[in-house]
Amino acid sequence: MGKENSKINLPLKKREEYIKTRTFNSDGDIIEKKCSVCDVFKPIGEFHNNKITFDGTYPNCKECQKKRVKKSDKIRNDKKKGILDSDLDDMFRNIKYEL
């Protein structure tokens with residue numbers, strides 16, 4: 001067991017995955033992490049803090065998190081307005097006009 005693994009107190013299967021998705025310095029501290037959305041290794045400063053997770057950061061990088069929040073906010077705001085544009089398109093497409 002290397003020095004970088006000495007700080008990791010996880011079951012073996014999770015530990016292997018944890019080590020694959022992070023880069024450690026000689027002291028065993030995380031210096032880079034792989035984003036779970038874009039699959040790119042980024043400096044640990046590119047991830048928001050999260051006290052609940054084992055390493056203290058979110059699995060998504062700040063850029064991917066921002067895109068996710070923007071998308072969910074748009075959906076939420078559209079629902080507040082009433083009927084979604086896509087729902088309107090479906091409704092009009094299914095209407096049979098009678099003359």
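The model is a prediction, so local features need pLDDT of at least 70 and side-chain atom pairs count only at pLDDT 80 or more, while totals for chains, interfaces and linings use all residues. Numbering starts from 1 along each chain as its sequence is written, and side-chain values use heavy atoms, with hydrogens and water left out.

To start with the overall layout, the protein chain has three helices and five strands (DSSP runs numbered from the N terminus, H or I of at least four residues for helices and E of at least two for strands). Read from the N terminus, the order is α-β-β-β-β-β-α-α. Of its 99 residues, 21% count as buried (under 20% relative accessible area with a 1.4 Å probe, protein chains only; exposed is over 50%, and partly exposed lies in between). Taking contacts (heavy atoms within 4.5 Å) between residues at least 6 apart in sequence, 21% join residues at least 24 apart.

Next comes the largest pocket, with a volume of about 330 Å³. A pocket here is an open set of points on a 1 Å grid over the protein atoms alone, where a 1.4 Å probe fits, with protein on both sides within 12 Å along at least five of seven lines; lining residues have an atom within 4 Å of a point. The volume is the space filled by probe spheres set on the points, which are joined across faces, edges and corners. There are 16 lining residues, with Glu-17, Tyr-18, Thr-21, Arg-22 and Lys-33 nearest the centre. By type, the lining splits into seven charged, five nonpolar and four polar residues (Asp, Glu, Lys and Arg are charged; Ala, Val, Leu, Ile, Met, Phe, Trp, Tyr, Cys and Pro are nonpolar; the others, Gly among them, are polar).

Tyr-18 also belongs to the largest nonpolar core, together with Ile-8, Leu-10, Phe-24 and Ile-30 (a set of buried Ala, Val, Leu, Ile, Met, Phe, Trp, Tyr and Cys residues joined through side-chain atoms within 4.5 Å). Beyond its neighbours within four places in sequence, Leu-10 touches Arg-15, Tyr-18 and Phe-54.

Over in strand 5 sits Asn-60, which counts as buried because its relative accessibility is 12%. Leaving aside neighbours within four places, its contacts are Cys-35, Ser-36, Val-37, Phe-47, Gln-65 and Arg-68. With Ser-36, the side chain of Asn-60 makes a polar contact of 2.8 Å (N or O atoms within 3.5 Å, one able to donate a hydrogen and the other to accept it; residues adjacent in sequence count only if both atoms are side-chain atoms).
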